[in-house]
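This report sets out the fold, the surface and a few individual residues of one protein chain. Each term is given its cut-offs where it comes up.

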Amino acid sequence: MNEKTLSIIKPDGVAKNLIGDVIKRLEEAGLKIVAMKMIKMNKEQAKGFYKVHEGKPFYESVTDFMSSGASVVMVLEGEDAINRYRELMGATNYKEAKEGTIRREFAQDIEKNVVHGSDSEETADFEIKYFFNEMEMTPR
Ligand code: CMP
């Protein structure tokens with residue numbers, strides 16, 4: 001099924017100059033970037049984005065981290081895009097991520113794990129609308 005998913009290159013990925021590397025992997029995998037921008041979230045915006053994790057032990061820390069610097073947000077489109085992008089990222093905990101995945105190669109810990117990706121169609125819909133309006137979505 002043709003799907004859209006939200007990708008974030010997190011502040012650690014941007015700080016380590018990994019934007020080009022991550023985008024190269026997405027493009028080589030055949031995922032189309034249909035929207036993209038660089039942003040810096042404030043704490044409230046990061047809390048709104050990760051609302052689903054409210055109350056979890058890492059909520060304060062991850063929202064501090066996500067509001068600590070610039071991120072690149074993108075909408076990716078393609079056949080089975082949600083799962084294909086998750087395969088490219090690897091597991092949330094880089095220690096459990098497969099060899100060759102983005103997180104396995106570049107993450108420094110479970111929080112500073114370089115990239116984010118939506119985990120379902122419902123989440124993708126919420127996350128895409130959180131950052132992009134209709135005019136910013138460019139059919140290709
Ligand atoms: P992400 O896929 O963006 O979803 C939630 C984020 O919280 C996760 O990546 C990590 O950056 C961060 N995080 C920190 N600790 C944990 C944890 N124990 N489990 C899941 N996510 C965590």
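## Terms and basis

Buried means a relative accessible area under 20%, exposed means over 50%, and partly exposed lies in between, with a 1.4 Å probe and protein chains only. By that rule P139, with a relative accessible area of 78%, is exposed.

The model is predicted, and local features need pLDDT of at least 70, side-chain atom pairs count only at pLDDT 80 or more, and totals for chains, interfaces and linings use all residues. Residues are numbered from 1 along each chain as its sequence is written, and side-chain values use heavy atoms, with hydrogens and water left out.

## Overall fold

Seven helices and four strands make up the secondary structure of the protein chain, where helices (H or I, at least four residues) and strands (E, at least two) are DSSP runs numbered from the N terminus. Their order along the sequence is β-α-α-β-α-α-β-α-α-β-α.

Taken along the principal axes, the C-alpha atoms fill a box of roughly 40 × 35 × 25 Å. The radius of gyration, taken over C-alpha atoms, is compared with a globule rule of 2.2 Å times the number of residues to the power 0.38; for 140 residues a compact globule would have a value near 14 Å, and the protein chain agrees because its own value is 14 Å. Contact means heavy atoms within 4.5 Å, and among contacts between residues at least 6 apart in sequence, 76% join residues at least 24 apart.

## Surface and charge

Of the 140 residues in the protein chain, 46% are buried.

## Two buried arginines

R25 lies in helix α2 (residues 19-28) and counts as buried because its relative accessible area is 19%. Its side chain makes a polar contact with the side chain of E105 at 3.0 Å, a polar contact being a pair of N or O atoms within 3.5 Å where, within protein, one must be able to donate a hydrogen and the other to accept it, and residues adjacent in sequence count only if both atoms are side-chain atoms. Leaving aside neighbours within four places in sequence, R25 is in contact with residues including L88, I102 and F106.

R103, in helix α6, is buried at 6% relative accessibility. Not counting residues up to four places away in sequence, R103 touches M89, G90, A91, T92, Y94, N113, V115 and H116.

## Positive phi and the end segment

Most residues other than glycine have a negative phi. D80, in the loop between β3 (71-79) and α5 (81-89), has a positive phi of about 55° and is partly exposed at 33%. V114, in the loop between α6 (102-106) and β4 (115-117), has a positive phi near 75°, and at 0% relative accessibility V114 is buried.

P139 belongs to the segment after α7 (121-131). Its C-alpha atom is separated by 26 Å from that of I102, which is 37 residues away along the chain.
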